[in-house]
Amino acid sequence: MKLIQTAKTLLLEGKVDVIVGLARSEQGLLKPTFVFKAEQAENLEYDPHACMNLSVYLTRSDLRSMGKIGLLANAYSLRSLLRLAAENQIKEDMVLAIVV
């Protein structure tokens, strides 16, 4: 899957330090997840029907301290990402959007 390969590449090349994305829980539901290593990227999934806005995690101080963030971004997340940047709540260079 292209999403998994993209995530692995970004982590291995050091372009991001963590990726905020979606993974299946044991119950089979999509849930937010944080990927720190390329091997963990295998768990990433995307469902076009999922309407979770993962950009809410960008304002968390513990996540900001981890370095550059890769964000699995759908239309909802992109809109919020632009708003957060416009309001100076995040720096544009701290996030790399992985558009799905």
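**Reading the features**

A: Lys 15 and Glu 13 form a salt bridge in which the closest N and O atoms are 3.2 Å apart, where a salt bridge is a side-chain nitrogen of Lys or Arg within 4 Å of a carboxyl oxygen of Asp or Glu. Lys 15 counts as partly exposed at 49% relative accessibility, given that buried means under 20% relative accessible area, exposed over 50% and partly exposed in between, with a 1.4 Å probe and protein chains only. This is a predicted model, in which local features need pLDDT of at least 70 and side-chain atom pairs count only at pLDDT 80 or more, while totals for chains, interfaces and linings use all residues. Residues are numbered from 1 along each chain as its sequence is written, and side-chain values use heavy atoms, with hydrogens and water left out.

Q: How many salt bridges does the rule give, and which parts of the chain does the pair of Glu 42 and Lys 8 link?
A: Side chains of opposite charge can pair when their charged atoms come close. In this structure the count comes to 4 salt bridges. One of them joins the side chains of Glu 42 and Lys 8, at 2.3 Å from N to O. That pair links distant parts of the chain, with Glu 42 in the loop between S2 and strand S3 (44-45) and Lys 8 in helix H1, 34 residues apart; helices (H or I, at least four residues) and strands (E, at least two) are DSSP runs numbered from the N terminus. Glu 42 is partly exposed, with a relative accessible area of 44%, and Lys 8 is also partly exposed, at 21%.

Q: Where do Glu 45 and Arg 24 lie?
A: Glu 45 forms a salt bridge with Arg 24, the closest N and O atoms being 2.9 Å apart. Because Glu 45 lies in strand S3 and Arg 24 in strand S1, the pair ties together parts that are 21 residues apart in sequence. Glu 45 counts as partly exposed at 27% relative accessibility, and Arg 24 counts as partly exposed at 38%.

Q: Which residues touch the most other members of the largest nonpolar core?
A: In soluble globular proteins, nonpolar side chains tend to be buried together. A nonpolar core is taken here as a set of buried Ala, Val, Leu, Ile, Met, Phe, Trp, Tyr and Cys residues joined through side-chain atoms within 4.5 Å. The largest such core has 30 residues, of which Ile 19, Leu 58 and Ile 90 touch the most other members. The elements giving two or more residues to this core are helix H1 (2-12), strand S1 (18-24), strand S2 (30-35), strand S4 (69-73), helix H3 (75-86) and strand S5 (95-99). H1 gives the most, with 5 residues.

Q: With which residues is Ile 19 in contact, leaving aside its neighbours within four places in sequence?
A: Contact means heavy atoms within 4.5 Å. With those neighbours left aside, Ile 19 is in contact with Ala 7, Leu 11, Thr 33, Phe 34, Val 35, Leu 44, Gly 70 and Ile 98. Thr 33, found in strand S2, is buried with a relative accessible area of 17%. Beyond its own neighbours within four places in sequence, Thr 33 is in contact with Ile 19, Val 20, Gly 21, Leu 22, Ala 23 and Leu 44.

Q: Is Ser 55 buried or exposed?
A: Ser 55, which lies in the loop between S3 and helix H2 (61-64), is buried, with a relative accessible area of 1%. Leaving aside neighbours within four places in sequence, Ser 55 is in contact with Leu 71, Ser 77, Ser 80, Leu 81 and Leu 84.
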